[in-house]
Amino acid sequence: MAGLSATVLLSARDLVSPFGGPFTFDVHAGECIAIQGPSGAGKSVLLRMLADLDPHDGDALLDGRAASSMSAPDWRAAVVYQAAEPAWWEDTAGAHFANAFPAFMDSTLAALGLSPALLDTEITRLSTGERQRLALVRSLARRPRVLLLDEPTAALDPDAVARVEALLRDRLADGMAVLVVTHAMEQARRLAQRIFRLEHGKLTTT
Ligand SMILES: Nc1ncnc2c1ncn2[C@@H]1O[C@H](COP(=O)(O)OP(=O)(O)OP(=O)(O)O)[C@@H](O)[C@H]1O
């Protein structure tokens, strides 16, 4: 873990769901952990437990503070989960960014190769890859301490994948932690300091 902060940001403590666990591990500030494993192994459930979105036993801690001692909205503002197929509740992507800083929007859209005009396009008319990158913009606009990404580049071409990874590296350098579920071993090797494998309800480090 050379170059990484020694600061533990997020801790999972005996997290258990009907689909796996107990999971106990620490994530450091600025660290990226990739999670791999077969379809249906429970990778999404693990991320959703960390975001306090799925029922579970055990607890998660942020800066040593237990999720169970915080309100769900406060926890989820700091520990942000991005689904593999994120939901949109307004007609356009732009309507989801009412509170985002213009400078953040300009630089983040440019970094991801997205035209600002896409913000005014109906969500249903956007390509899958455009929606996937706009979902990342939406997640980052919340300024998470920990970002939980569920297959964030599954719909993207190699250039867009490289842009996403570069943007994540920038945020990691600023101290954000990332847990990313990815089936792409090469991506896991490029981004992550540690790679976890989830199979038969158990986590191992590869
Ligand atoms: N709310 C739920 N109710 C019932 N079963 C669920 C629920 N959520 C997840 N599951 C089941 O839990 C198991 C793990 O699902 P999960 O989505 O975490 O798998 P995954 O490892 O992310 O798979 P994939 O790589 O295909 O996305 C699956 O068998 C799924 O059907």
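Let's start with helix H4, which covers residues 128–141 and lies across strand E6 and strand E7 (146–150). Helix H4 runs at about 170 degrees to E6. Keep in mind as you look around that this is a predicted model.

## The sheet

Now for the sheet that E6 and E7 belong to. Six strands make up this open sheet, in the order E6-E7-E8-E3-E9-E10, and their pairing is mixed. Strand E6 (79–82) and strand E10 (202–205) stand at the edges; each has a single partner strand, so one side of each has no neighbour in the sheet. From one strand to the next, the twist averages 20 degrees.

How do E9 and E10 run, parallel or antiparallel? They run antiparallel, and four bridges join strand E9 (residues 194–199) to E10. You can find two of the facing residues yourself: Arg197 has Thr204 in E10 as its bridge partner, while Leu198 stands opposite Leu203 in E10.

The hairpin has two residues between the strands, and in it His200 takes a positive phi near 50 degrees.

## Salt bridges elsewhere

Side chains of opposite charge can pair when their charged atoms come close. How many salt bridges does a search of the whole structure find? The search finds nine.

One of them joins Arg13 and Asp26, with 2.9 Å between the closest N and O atoms. This pair links distant parts of the chain: Arg13 sits in strand E1 (residues 8–17) and Asp26 in strand E2 (residues 20–28), 13 residues apart. Arg13 counts as partly exposed at 33% relative accessibility, and Asp26 is partly exposed at 25%.

Another salt bridge, at 3.0 Å from N to O, brings together the side chains of Glu186 and Arg189. Both residues lie in helix H6 (residues 185–191), three residues apart, which is about one turn of the helix. Is Arg189 buried or exposed? Arg189 counts as exposed, because its relative accessibility is 53% and exposed means over 50%. Glu186, at 48%, is partly exposed. Finally, look for Glu165, Arg169 and Arg190, which are linked in a network of salt bridges.

How values were computed: Residues numbered from 1 in each chain as written. Predicted model: local features only at pLDDT ≥ 70, side-chain atom pairs only at ≥ 80, totals over all residues. Heavy atoms only, no water. Pairing = 2+ DSSP bridges. Axes fitted to C-alpha atoms, helices over the stretch in contact; angles between N-to-C directions. Contact = heavy atoms within 4.5 Å. Salt bridge = Lys/Arg side-chain N within 4 Å of Asp/Glu carboxyl O. Buried < 20%, exposed > 50% of the residue type's maximum accessible area, 1.4 Å probe, protein only.
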